[in-house]
Amino acid sequence: MRGISLGACSGRGAWLRRRRANSRPLRRHEALVAVAATWLVIILLGALPFIFDAKIGLSDAFFESTSGFTTTGATILPAIESELSYPLLCWRQMTHWLGG
């Protein structure tokens with residue numbers, strides 16, 4: 001198993017190294033779009049457990065996920081412990097921990 005992982009990582013690293021030699025540096029607006037798109041994707045993926053488990057709407061789940069990953073700490077849920085299941089409480093805490 002380690003050999004497969006080592007081979008995959010080495011192959012990916014060699015491919016990136018070869019690809020980097022032929023590419024130009026990112027421009028400022030391209031980097032800004034890449035960072036904004038990454039944040040949006042992470043927040044949307046982080047909202048999925050709230051949508052599927054807590055049965056809250058997309059905008060509320062998006063808010064909870066954004067609040068966690070940006071460590072704002074705001075919530076739309078009045079009684080968090082009674083409304084969320086234990087796995088979802090753990091997920092919410094993990095988003096806050098990952099956010100910093």
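Me: Which residues does serine 67 touch, not counting residues up to four places away in sequence?

Reply: A contact means heavy atoms within 4.5 Å, and by that rule serine 67 touches Thr72, Gly73, Ala74 and His96, with residues up to four places away in sequence left out. This is a predicted model, in which local features need pLDDT of at least 70 and side-chain atom pairs count only at pLDDT 80 or more, while totals for chains, interfaces and linings use all residues. Residues are numbered from 1 along each chain as its sequence is written, and side-chain values use heavy atoms, with hydrogens and water left out.

Me: Where does serine 67 lie, and is serine 67 buried or exposed?

Reply: Helices (H or I, at least four residues) and strands (E, at least two) are DSSP runs, numbered from the N terminus, and serine 67 belongs to helix α3. Buried means under 20% relative accessible area, exposed over 50%, and partly exposed in between, with a 1.4 Å probe and protein chains only. Serine 67 has a relative accessible area of 3% and is therefore buried.

Me: What does phenylalanine 63 touch, not counting residues up to four places away in sequence?

Reply: Phenylalanine 63 lies in helix α3, and with residues up to four places away in sequence set aside, it touches Ala74, Thr75 and Ile76. Its relative accessibility is 35%, so phenylalanine 63 counts as partly exposed. Between phenylalanine 63 and leucine 40 there are 12 Å in space, C-alpha to C-alpha, and the two are 23 residues apart in sequence.

Me: How many salt bridges does the count come to?

Reply: A salt bridge is a side-chain nitrogen of Lys or Arg within 4 Å of a carboxyl oxygen of Asp or Glu, and by this rule the count comes to one. The partners are glutamate 64 and arginine 92, whose closest N and O atoms are 3.2 Å apart. Because glutamate 64 lies in helix α3 and arginine 92 in helix α5 (residues 86-99), the pair ties together parts that are 28 residues apart in sequence. Glutamate 64 is buried, at a relative accessible area of 1%, and arginine 92 is buried too, at 12%.

Me: What separates cysteine 90 from tryptophan 15, in sequence and in space?

Reply: Cysteine 90, which lies in helix α5, is 75 residues from tryptophan 15 in sequence and 37 Å from it in space, C-alpha to C-alpha. With a relative accessibility of 42%, cysteine 90 counts as partly exposed.

Me: Which phi value does lysine 55 have, and where is lysine 55 found?

Reply: Lysine 55 has a positive phi of about 55° although it is not a glycine. Its place is the loop between α2 (28-53) and α3 (58-69), and at 66% relative accessibility lysine 55 counts as exposed. Threonine 71, also a residue other than glycine, has a positive phi near 55°; it sits in the loop between α3 and α4 (80-83), and its 37% relative accessibility makes threonine 71 partly exposed.

Me: How many helices and strands does the secondary structure of the protein chain come to?

Reply: There are five helices and zero strands in the protein chain. The radius of gyration, taken over C-alpha atoms, is set against a globule rule of 2.2 Å times the number of residues to the power 0.38. For the protein chain, with its five helices, the radius of gyration is 19 Å, well over the 13 Å that the globule rule gives for 100 residues, so the chain is more spread out than a compact globule. Along its principal axes the C-alpha trace spans about 55 × 40 × 20 Å, and buried residues make up 18% of the 100 residues.

Me: How much of the contacts with a separation of 6 or more comes from residues 24 or more positions apart?

Reply: Among contacts in the protein chain with a separation of 6 or more, residues 24 or more positions apart account for 38%.
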